[in-house]
There are 2 protein chains.
Amino acid sequence: MNDTVTATQQDLAALVEGARNGRVRAIARLISLVENNSPSLRPLMGLMAGDTGRAHVIGLTGSPGVGKSTTTTAIIGAYRARGMRVGVLAVDPSSPFSGGAVLGDRIRMQRHSLDEGVYIRSMASRGHLGGLSTAAPQALRVFDVAGFDVVLVETVGVGQSEVEIASTADTTLVLLAPGMGDGVQAAKAGILEIGDVFVVNKADRDGAQNLIREIRNMVALDSHGADDWKPPIVRTVASQEEGIEDLVDRIEAHREFQQAGGQWAARRLTRARSEIEALALATVRREFHTGGREGLEDLAAAVRDGRLDPYSAADQLLNRS
Amino acid sequence: MNDTVTATQQDLAALVEGARNGRVRAIARLISLVENNSPSLRPLMGLMAGDTGRAHVIGLTGSPGVGKSTTTTAIIGAYRARGMRVGVLAVDPSSPFSGGAVLGDRIRMQRHSLDEGVYIRSMASRGHLGGLSTAAPQALRVFDVAGFDVVLVETVGVGQSEVEIASTADTTLVLLAPGMGDGVQAAKAGILEIGDVFVVNKADRDGAQNLIREIRNMVALDSHGADDWKPPIVRTVASQEEGIEDLVDRIEAHREFQQAGGQWAARRLTRARSEIEALALATVRREFHTGGREGLEDLAAAVRDGRLDPYSAADQLLNRS
């Protein structure tokens, strides 16, 4: 797989230059290198390191059916009306739940497909060494290089790693909708912890008021200091673009709030730390399976057969380098 | 948290002896040590290493609402009628979706709560260093020590790690039900890859026949060699105990099939390998954050500010030991 996506150093420099000039094919090619975990990623990230951190990264998460794609489409329109260039990274999870849904939803965004100020890309991460936690930041660098003002990272909020991706954004939107049933109810407690802005979409439906009340109560239970950001709850009907201007105002307010305090830089530090850790752990894991560290099979057989406990096996795996 | 669950070597030996004699309090205490990632786990796993691998581990996974708890309760009854001792480990995911649902469902199993041949335990894994991938095998060792013939590991099939746990079982049951909507449809492709036995629960409802046909088509697309196990599809109405005897027969057939070939030992080798790897990676990760390896914060700041690329940062993190 990687053969087709490797590139020479000159190729890479040309691609990065192309992306800097906003050329869509160069951007697409670079994100494919990320998606396929190309050996070229290492020199590529070296070339792009200085371009990091320009775009406002907005995470969107929510269960299937809450209207993520419709909301994303509406947000794109609102930012474009403000003269900003918008990238969208739709993360197709590396969980067993990657399926047609996320990719299929992309089609609904085609309203923006002829707008040069918008680039929409879905990315799988199954093949990526460090999984989502390295693939997403690397893809974000490509958007940074290409000079997008805003990048929306959309994930299906059903797995831990996807929620983590959304939560390492500068601003995390949690989308909910009335009448989604049991699973969503169970999910809410966890998802509520990561939201900077809550969006109750399909707010014209029955149950919207109850849902808002429920979220308000849960947010109130979270300990917020006097100087902390208090997550607002925004009502939208994204399919009719209702509430979207208000939503974008709240997103911008969150950005300004964080930039005025230290939170903006702190959150980006966390994101960089997670990325470095994930890459380092991926290297260690690869060594377990290749010549670097031997004997994992023997150790596993000894543990399986009760001749060795797993802690001692892990120690031996690490010492034998 | 750990202070309250540490134990001396003598305490531990007494607990293990108690568990060997089937004493419920000792079993409960040992699983709490696992759950809380106690420092005592290392000596404990040393004491228990020889007891590994006795129980038939049956994984159950499925989305919320398919009837996992009802099915588990019915399976317990069927195995008890065959004179076997049954343990249940209900994994409360470390994902943000841990909520009341799994724990609440436990209450429905109280039918078996006075039966000494049954031990039911739910376990959270948020605090566990290696997460689910180490906590679940460690808890399984406790069930092994206590001499259970069968251990059902129940997970909510919404996150990658939970599905992984289910799939490292000796036999993995995938539960589905008609009329579960979009999310489940999207989920199916991934979940289908791990099933040894498919259970269509609520098979008296509309749509059951369509669901069975869909699963059959997907299973048929999977490449099965002439000597491979062909996952059966079992219809159940667990609330009325319909189809449960058939289900248990299929589970037993899968065990016999694997034990006759090399698959039984091979799958357990995989489980041991994952456990060792997860423990080793947890050690490495801990070193990133403590005195063992310094400079993660500085490296993260350099990456955030564009002075260093993440691969070089990861290299520096690993070399500085």
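**Figure 1. Helix 11 of chain A passes helix 11 of chain B in a right-handed crossing.** In this predicted model, local features need pLDDT of at least 70 and side-chain atom pairs count only at pLDDT 80 or more, while totals for chains, interfaces and linings use all residues. A crossing is right-handed if the near helix is turned clockwise from the far one by less than a right angle, and left-handed if anticlockwise. Helices here are DSSP runs of H or I with at least four residues, strands are runs of E with at least two, and both are numbered from the N terminus. Each helix 11 covers residues 263-289, and the two axes come within 11 Å and cross at roughly 140°. Those axes are lines fitted to C-alpha atoms over the stretch in contact, with angles running from 0 to 180 degrees between N-to-C directions.

**Figure 2. Helix 11 of chain A meets helix 11 of chain B through several residues.** Among them, Leu281(A), Val284(A) and Phe288(A) sit on one side of the meeting, and Leu281(B), Val284(B) and Phe288(B) on the other. Contact means heavy atoms within 4.5 Å.

**Figure 3. Helix 1 of chain A spans residues 9-20.** Leu12(A), Leu15(A), Val16(A), Gly18(A) and Ala19(A) are buried (under 20% relative accessible area, with a 1.4 Å probe and protein chains only).

**Figure 4. Chain A has 13 helices and 7 strands.** Of its 321 residues, 56% count as buried. Residues are numbered from 1 along each chain as its sequence is written.

Note on methods:
Chains are lettered from A and ligands numbered from 1 in the order in which they are written. Side-chain values use heavy atoms; hydrogens and water are left out. Buried means under 20% relative accessible area, exposed over 50%, partly exposed in between (1.4 Å probe, protein chains only). The expected span of a helix is 1.5 Å times one less than its number of residues.
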